[in-house]
Amino acid sequence: MLNQYLRAIIAFDLKKICISLVLTVALGLGQGIGLVMLVPLLTLLGLGKTGEPAGGISTAAVGIFEWVGLPFTLLSILCLYVVMVSLHAAATRYQAVLNTRITSGFTQALRNRMYRALCRADWTCFLEMKTSSVVHVMTSDLQKVGFATQQLLQLIGTVMISLVHIGVALLLSVPMTLFALVCGGIFLMILRPLNSRVGRFGHYLRDASDSLYAALTEHLGGMKVVKSLGLEPENIRRFETVTNDVTLQTVRFTAINTATRMWYQVGAATALSLFFYFAVTFGGMAATDLLIMIFLFARILPRFSTLQQHVQRIAHALPSFKGALEMEKQFQTHQEAVIPAGAKNLSLNHEICFSQVYFRYPQTNGAWTLENITCSLPAGKTTALIGPSGGGKSTLADLLLGLITPDRGSITIDGVPLQGPHIHQWRRTVGYVPQDTFLFHDTVRANLMWAMPEAEEADLWHALSQSAAEEMVKGLPDGLDTILGDRGVRLSGGERQRIALARALLRKPSCLILDEATSALDQDNQARIMDAVSRLHGRITILIIAHRQSTIQGADKMIALHNGKLLQKTRNLKSITPRLKTKGLEKAQK
Ligand SMILES: Nc1ncnc2c1ncn2[C@@H]1O[C@H](COP(=O)(O)OP(=O)(O)OP(=O)(O)O)[C@@H](O)[C@H]1O
Ligand SMILES: [Mg+2]
């Protein structure tokens, strides 16, 4: 997984990454030079006179000062120090912004790529997927991937700066640097097993946070029922269990991550104390040596600890990257055929034909949801699809929309099979009002124009009048510009249905599918809609799925589904839905 992650980040923007790394080296060098400047300072303060261990560097520093033409005085050294620190600070800031560009850009690219794959995935993919999991991956998981990228850049930076520091340290004192390195290496080996535990905790935290998203989505969706049944305490209890788990996993990770730093500090202090003890006991160590020793330990050992902390943070975030990749792969394996450029919409002049169509949902154990469906929907006519609940009516509508495809048999539009790119060519001419109406948290206007961005004001009002919603919208506080609320909750069920119908009609479809689209309307409004629909008679092909007698009265043809099968005989339908008249059913079977 780490390899995949590294390849993905390298493929993202190698140029920016290289600039950032070059800056890191430059900054590291800056720090190294800062370190070296300490030596002339020490010399100037007279500290270096006893042992002169870094005499070479002092001489070089004096040489550089002479070469630049600066006097080797305390003031000039300090001025140079301020200039260098300022340059360093500016470059650090630039690098921080650049790194954010890389990390946020990488996350954004992943997010956009996933969303494109999501939008192009077929409907069956969504049937198998939890909405909350998609939200979780797109938000929390990808945010963690961004965090891991930040850690990765910092990790590379730490390695590079460490190399510079080690180089400088080697110039100061080879044995002391080696001593610090060996100590760091030993700590690294001892604390290594913690890394795999961190990776495991990353998985646990991801699962816990996925549950949190699921709980939140479900609880919000069902809040009305929860409140009306007084189930709040139960919901709160369940929610708190999930949040407890998230906290537990987060704390566990922090405990390990900080343990690393703690043990490094303890280890460094112990090693330094031992070193001091032996140096003082057995003597022979210059004051500058001791100072440099402290400095090296202070600089090099924390680097090892930082290194491991970065590694742990990346390991902790990798399960999120894995989750995101797996979801993307799932979307990609379910991609719909792309519509060819310049392809025309499918026209419907004769009929839609279902021939021996079989379909079953992936979750159903072998049983057909729709079985051997052979029927036709004549163009320009209204066909009513009736039958008891669970009979397969909405499934048939989904097949007609190309949202799902038959496992056997075929569906044709004027003889053109509804498959591959034809599905998109067909959908562009279809108006669909689903059983559960869906509206955005936006204005009426935005909700309508979403389906038809080029629609003019007059088109909107025409569609609203066709769906018997004109008066209702005029009565809203801001008319077309009234905000409908989350999922349209500020409207009644019937009002939502009328807006959804207007949206479908706005597209001037050649085929209109109404899946119980008037079920929430009173008789008056339903009659008005049916009147509008009947005015479209002859111009568009309509499939009305309904339970009510009044909805299907004007239909030219009737198809009945029961347990996924077409009912062949009127009397069979009568026994299932006795209150329905079944005029035309036999005709439909022909
Ligand atoms: N996503 C799904 N996964 C598995 N089974 C499903 C899915 N959607 C529907 N079904 C099953 O398929 C059958 C037909 O469902 P469908 O929604 O087509 O019925 P319907 O005739 O529209 O019913 P209603 O009148 O209640 O809307 C039902 O038994 C249902 O349980
Ligand atoms: Mg249905």
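Predicted model: local features only at pLDDT ≥ 70, side-chain atom pairs only at ≥ 80, totals over all residues.
Local features require pLDDT of at least 70 and side-chain atom pairs pLDDT 80 or more, whereas totals for chains, interfaces and linings use all residues. Residues are numbered from 1 along each chain as its sequence is written, chains are lettered from A and ligands numbered from 1 in the order in which they are written, and side-chain values use heavy atoms, without hydrogens and water.

Six strands form an open sheet of mixed pairing, in the order β6-β7-β8-β3-β9-β10. Strands are DSSP runs of E, at least two residues long, and helices are runs of H or I, at least four, numbered from the N terminus; two strands pair if DSSP finds at least two bridges between them. At the edges, β6 (430–433) and β10 (565–566) each pair on one side only. Strands β7 (residues 511–515) and β8 (residues 541–545) run parallel and are joined by five bridges; Asp 515 stands opposite Ile 545 in β8.

A disulfide is a covalent bond between the sulfur atoms of two cysteines. With a cut-off of 2.5 Å between the sulfur atoms, the count is zero disulfides. For Cys 353, the closest cysteine sulfur, in Cys 375, is 7.8 Å away, which is too far for a bond.

Around ligand 1 there are 15 residues, of which Ser 389, Gly 390, Lys 393, Thr 395 and Gln 435 come nearest; a residue counts if one of its heavy atoms lies within 4 Å. Polar contacts are pairs of N or O atoms within 3.5 Å. A polar side-chain atom of Ser 389 lies 2.5 Å from an oxygen atom of ligand 1, and one of Ser 394 lies 2.8 Å from an oxygen atom of the ligand.

Methods
Polar contact = N/O pair within 3.5 Å; in protein donor to acceptor, adjacent residues only side chain to side chain.
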